Amino acid sequence: MRSLALESRIKYPACNVIPYWLLCYWKLVRTETDGDFARAWDLLPERLPRGVKCPTVELLAVALVDHGLVDR
């Protein structure tokens, strides 16, 4: 994900606002998947509340780096 985030930086500028889907994703990572980022990504669409759009994997990678949830 780190290299994807770096490549995607041009498309998605840095942002310090935490999107709701990132909170849902991180909860999956920490509680239900025991740190398995890929499994959490697979579960995310079905765990988001109605009306919350699932991000692209590029946007997820950028958000994880922006908020210090993974190493750069």
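Biologist: Why are H2 and H4 called roughly perpendicular to each other?

Modeller: In this predicted model, the axes of H2 and H4 cross at roughly 80° and come within 11 Å. Roughly perpendicular covers 65 to 115 degrees, while under 35 is roughly parallel, over 145 roughly antiparallel and the rest oblique. The pair is therefore roughly perpendicular. The axes are lines fitted to C-alpha atoms over the stretch in contact, and angles between N-to-C directions run from 0 to 180 degrees. Helices are DSSP runs (H or I, at least four residues), numbered from the N terminus.

Biologist: Which residues make the contact of H2 with H4, and which classes do they belong to?

Modeller: H2 brings Trp21, Leu22, Tyr25 and Trp26, and H4 brings Leu59, Leu60, Ala63 and Leu64. Contact means heavy atoms within 4.5 Å. Eight of these residues are nonpolar, none polar and none charged. Nonpolar here means Ala, Val, Leu, Ile, Met, Phe, Trp, Tyr, Cys or Pro, charged means Asp, Glu, Lys or Arg, and the others, Gly among them, are polar.

Biologist: Which members of the largest nonpolar core touch the most other members?

Modeller: Of its 13 residues, these are Trp21, Leu22, Tyr25, Leu44 and Leu60. H2, H3 and helix H4 (57-66) each give two or more residues to this core, and H2 gives the most, with six. In soluble globular proteins, nonpolar side chains tend to be buried together.

Biologist: How do you know that Ala40 is buried?

Modeller: Its relative accessible area is 0%. Buried means under 20%, exposed over 50%, and partly exposed in between (1.4 Å probe, protein chains only), so Ala40 counts as buried. Ala40 is in helix H3. Beyond four places in sequence, Ala40 is in contact with Tyr25, Leu28, Val29 and Thr33.

Biologist: Where is Thr33, and is Thr33 buried or exposed?

Modeller: Thr33 sits in the loop between H2 and H3. Its relative accessible area is 5%, so Thr33 is buried. Leaving aside neighbours within four places in sequence, Thr33 is in contact with Leu28, Arg39, Ala40 and Leu43. Thr33 and Leu43 are ten residues apart in sequence, and 9.3 Å separates their C-alpha atoms.

Biologist: Why is Asp34 called exposed?

Modeller: Asp34 has a relative accessible area of 72%, which is over the limit of 50%, so Asp34 is exposed. Asp34 also lies in the loop between H2 and H3.

Biologist: What is the phi of Asp34?

Modeller: Phi of Asp34 is near 50°, a positive value in a residue other than glycine. Most residues other than glycine have a negative phi.

Biologist: What rules apply to the values?

Modeller: Local features need pLDDT of at least 70 and side-chain atom pairs count only at pLDDT 80 or more, while totals for chains, interfaces and linings use all residues. Residues are numbered from 1 along each chain as its sequence is written, and side-chain values use heavy atoms, with hydrogens and water left out.

Notes: A nonpolar core is a set of buried Ala, Val, Leu, Ile, Met, Phe, Trp, Tyr and Cys residues joined through side-chain atoms within 4.5 Å.
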